[in-house]
Amino acid sequence: MIPKSGDSKEVRNYQPITCLTTMYKTLTGIIAKRVSTHLEEQSILPAEQKGCHPESKGCKDQLIISKAIYEDCRRRNKNLSIAWIDYQQAFDSVPHSWVEKSIELVAVNSKIVRFCKLSRRNGTQGLF
């Protein structure tokens with residue numbers, strides 16, 4: 001277990017680590033790339049999901065866009081309201097079964113879906 005932050009006496013402030021073989025990491029990297037390519041080719045991910053697009057800097061891109069909008073409104077004397085939502089540990093809170101169902105719904109190759117399901121059930125963390 002690796003400590004995250006906060007009180008070191010609280011169990012919830014630790015995260016488990018998994019040591020996987022290089023071959024397994026390579027395989028899951030290839031699978032992740034194929035899933036990403038499929039999502040891009042089918043135009044499944046909305047443009048707002050910056051962190052999921054290749055060549056994107058995720059939050060950095062969004063902050064630069066927000067700053068440009070802010071500066072434009074300030075220059076034009078326009079009112080502006082901005083809200084940010086921080087989904088802390090969002091990926092940790094989504095059940096793996098939802099992830100599996102989601103990749104099925106977007107028509108990811110059935111062999112990849114099966115691999116993901118078997119990896120989770122066999123105790124390896126693979127893509128999840």
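The exercises below work through a predicted model of a protein chain, each with a solution in steps.

Residues are numbered from 1 along each chain as its sequence is written, and side-chain values use heavy atoms, with hydrogens and water left out. Because the model is predicted, local features need pLDDT of at least 70 and side-chain atom pairs count only at pLDDT 80 or more, while totals for chains, interfaces and linings use all residues.

**Exercise 1. The overall layout**

Find how many helices and strands the protein chain has, and in what pattern they follow one another.

Step 1. Helices (H or I, at least four residues) and strands (E, at least two) are taken as DSSP runs, numbered from the N terminus; counted in this way, the protein chain has four helices and two strands.

Step 2. Along the sequence these elements are arranged as β-β-α-α-α-α.

Step 3. Burial is judged by relative accessible area, where buried means under 20%, exposed over 50% and partly exposed in between, with a 1.4 Å probe and protein chains only; of the 128 residues, 14% count as buried.

**Exercise 2. Two packed helices**

Work out how helices α3 and α4 are oriented to each other, and which residues meet.

Step 1. Axes are lines fitted to C-alpha atoms, for helices over the stretch in contact, and angles run from 0 to 180 degrees between N-to-C directions. Helix α3 covers residues 96-105 and helix α4 residues 110-121; their axes are 10 Å apart, at an angle of about 170 degrees.

Step 2. Angles under 35 degrees count as roughly parallel, over 145 as roughly antiparallel, 65 to 115 as roughly perpendicular and the rest as oblique, and α3 and α4 are therefore roughly antiparallel.

Step 3. With contact meaning heavy atoms within 4.5 Å, His96, Ser97, Glu100, Ile103 and Glu104 of α3 meet Val113, Cys116, Lys117, Arg120 and Arg121 of α4.

Step 4. Glu104, in helix α3, is partly exposed at 31% relative accessible area, and, leaving out residues up to four places away in sequence, Glu104 touches Val113 and Lys117.

Step 5. In the loop between α3 and α4 lies Ala107, which has a positive phi of about 60 degrees although it is not a glycine.

**Exercise 3. The largest nonpolar core**

List the residues that make up the largest nonpolar core, and name the elements that give two or more of them.

Step 1. A nonpolar core is a set of buried Ala, Val, Leu, Ile, Met, Phe, Trp, Tyr and Cys residues joined through side-chain atoms within 4.5 Å. The largest one has eight residues: Ile31, Val35, Leu39, Ile103, Val108, Ile112, Val113 and Cys116.

Step 2. The elements giving two or more residues to this core are α1 (22-41) and α4.

Step 3. Val113, one of the core residues, is in contact with Ile103, Glu104 and Val108 when its neighbours within four places in sequence are left aside.

**Exercise 4. The aromatic pair**

Decide whether the rings of Tyr24 and Phe115 are stacked, edge-to-face or tilted.

Step 1. Rings of Phe, Tyr and Trp (its six-membered ring) pair if their centres lie within 6.5 Å; planes under 30 degrees apart count as stacked, over 60 as edge-to-face and the rest as tilted. The structure holds one such pair.

Step 2. The ring centres of Tyr24 and Phe115 are 6.0 Å apart and the planes are at 35 degrees, so the pair is tilted.

Step 3. Tyr24 belongs to helix α1 and Phe115 to helix α4, 91 residues apart, and the pair thus links distant parts of the chain.

Step 4. Tyr24 is buried, at 15% relative accessible area, whereas Phe115 is partly exposed, at 22%.
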